[in-house]
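I opened this model to look up its cores, its pockets and a single side chain. My notes are below.

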Amino acid sequence: MSHVPVLLEEVIQALQPQDGEAYVDGTFGGGGYALRVLEAADCHLYGIDRDFDAISRANELAEHQPRLTPLLGRFGDMDALLLNIGVNEVQGVMLDIGVSSFQIDEGERGFSFMRDGPLDMRMGQAGPSAKDVVNLMSAADLTSIIRQLGEERQAKRIAAFIVERRKTETFETTLDLAQCIEDAVGGRRGKKTHPATLTFQAIRMYVNDELGELARGLAAAERMLTPGGRLVVVTFHSLEDRLVKQFMRERAGATAGGSRYMPEVKKGPAPSFDLSRRKAIEPGPQETATNPRARSARLRVVERTDAPAWQTPVETGKALPPLKALEAAL
Ligand SMILES: C[S@@+](CC[C@H](N)C(=O)[O-])C[C@H]1O[C@@H](n2cnc3c(N)ncnc32)[C@H](O)[C@@H]1O
């Protein structure tokens with residue numbers, strides 16, 4: 001069981017680690033990116049992960065690598081986590097959004113519709129779980145989550161099936177939910193992907209507030225980076241890539257409407273980032289052939305200017321039922 005890092009060489013090239021500098025890996029996972037950064041330069045790396053298991057692995061590595069400091073927490077709080085240990089600026093931030101193979105492969109974590117396990121899906125092992133979402137939320141809220149975060153066309157029907165099924169028996173396991181979704185959409189009907197793929201993705205993103213975290217993480221990185229520092233983000237999903245792209249273009253003062261040669265300049269605060277490349281970097285055919293998980297990966301990179309961080313909050317563009325309401329119901 002391991003995690004094969006995606007776009008690893010491209011991430012290192014984008015980050016350009018230098019001796020004596022400090023970097024944040026906001027998604028430590030299996031430490032693939034982190035270890036390569038520490039190899040590439042005599043620098044310090046702060047490895048954040050909200051998953052206790054990932055931080056246990058980081059702690060083991062840190063016993064032999066004094067240039068690594070593991071931090072348990074969310075990257076959306078990276079400035080608070082760093083300020084707490086006396087670090088008030090860094091020269092680079094990496095984010096590799098999503099779940100790790102460790103999390104998917106461990107049936108007990110409840111992320112996968114292919115492995116039986118308790119319906120959990122929490123990366124941070126705290127707060128409402130997938131089980132709470134499917135057993136407690138209204139059909140309208142479930143539809144909204146599955147439609148917005150899964151872009152699942154049959155969201156309403158799936159939500160109705162979930163609500164009907166739980167009247168007789170509450171959902172306990174991943175395969176239990178996967179089967180109910182399969183029943184709702186009428187089986188696999190020759191499709192390559194499992195009918196539960198989009199619904200599982202939506203519930204996982206909701207339980208972990210993944211878009212909210214991404215928005216807060218981008219803004220926190222903007223506050224922590226020194227001028228010339230780099231923000232490198234790898235996403236696996238169009239909803240996340242869109243958020244990253246919009247953030248980078250907005251903060252660079254270039255709206256989507258401009259041409260490649262002459263970006264439209266919007267009136268607003270001075271650009272806090274320099275958009276060195278407008279296009280995302282994608283994995284080559286060799287990487288996608290050996291690592292199918294890489295297929296949807298997109299890397300985007302920007303360089304911090306010396307302008308102050310913007311006060312404007314980063315919007316996710318989604319109006320989801322508040323997770324706090326579910327928390328209160330528990
Ligand atoms: C795709 S993996 C990262 C893999 C890593 N780049 C490597 O090379 O091994 C994503 C990791 O980010 C963590 N994660 C996801 N969202 C997070 C958040 N908001 N704050 C902190 N960690 C997060 C997950 O727990 C998971 O371990």
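I kept in mind that the model is predicted.

Entry 1, cores. I looked up the largest nonpolar core and found that it holds 67 residues. The members that touch the most others are Met 78, Val 90, Val 93, Ile 162, Leu 177, Leu 218 and Leu 231. Helix α11, residues 210–224, supplies the largest share of this core, with eight residues. I also noted a second, separate core of 29 residues, with Val 6, Ala 41, Val 234 and Leu 299 among them.

I counted 27 lining residues, and Ile 104, Phe 113, Thr 197, Arg 204 and Arg 293 lie nearest the centre. Two elements, α5 (101–105) and α10 (197–207), each give two or more residues to the lining. The most come from α10, which gives six. Sorted by class, the lining has eleven nonpolar, ten polar and six charged residues.

Is Gln 103 buried or exposed? Gln 103 counts as buried because its relative accessibility is 5%, and the cut-off for buried is under 20%. A polar atom of its side chain lies 2.9 Å from the backbone nitrogen of Ser 100. Beyond four places in sequence, Gln 103 touches Asp 51, Arg 109, Phe 111 and Met 123.

Technical notes: Residues are numbered from 1 along each chain as its sequence is written. This is a predicted model: local features need pLDDT of at least 70, side-chain atom pairs count only at pLDDT 80 or more; totals for chains, interfaces and linings use all residues. Side-chain values use heavy atoms; hydrogens and water are left out. A nonpolar core is a set of buried Ala, Val, Leu, Ile, Met, Phe, Trp, Tyr and Cys residues joined through side-chain atoms within 4.5 Å. Buried means under 20% relative accessible area, exposed over 50%, partly exposed in between (1.4 Å probe, protein chains only). Helices (H or I, at least four residues) and strands (E, at least two) are DSSP runs, numbered from the N terminus. On a 1 Å grid over the protein atoms alone, a cavity is a set of points where a 1.4 Å probe fits but cannot get out, and a pocket is an open set with protein on both sides within 12 Å along at least five of seven lines; lining residues have an atom within 4 Å of a point. Ala, Val, Leu, Ile, Met, Phe, Trp, Tyr, Cys and Pro count as nonpolar, Asp, Glu, Lys and Arg as charged, and the others, Gly among them, as polar. A polar contact is a pair of N or O atoms within 3.5 Å; within protein, one must be able to donate a hydrogen and the other to accept it, and residues adjacent in sequence count only if both atoms are side-chain atoms. Contact means heavy atoms within 4.5 Å.
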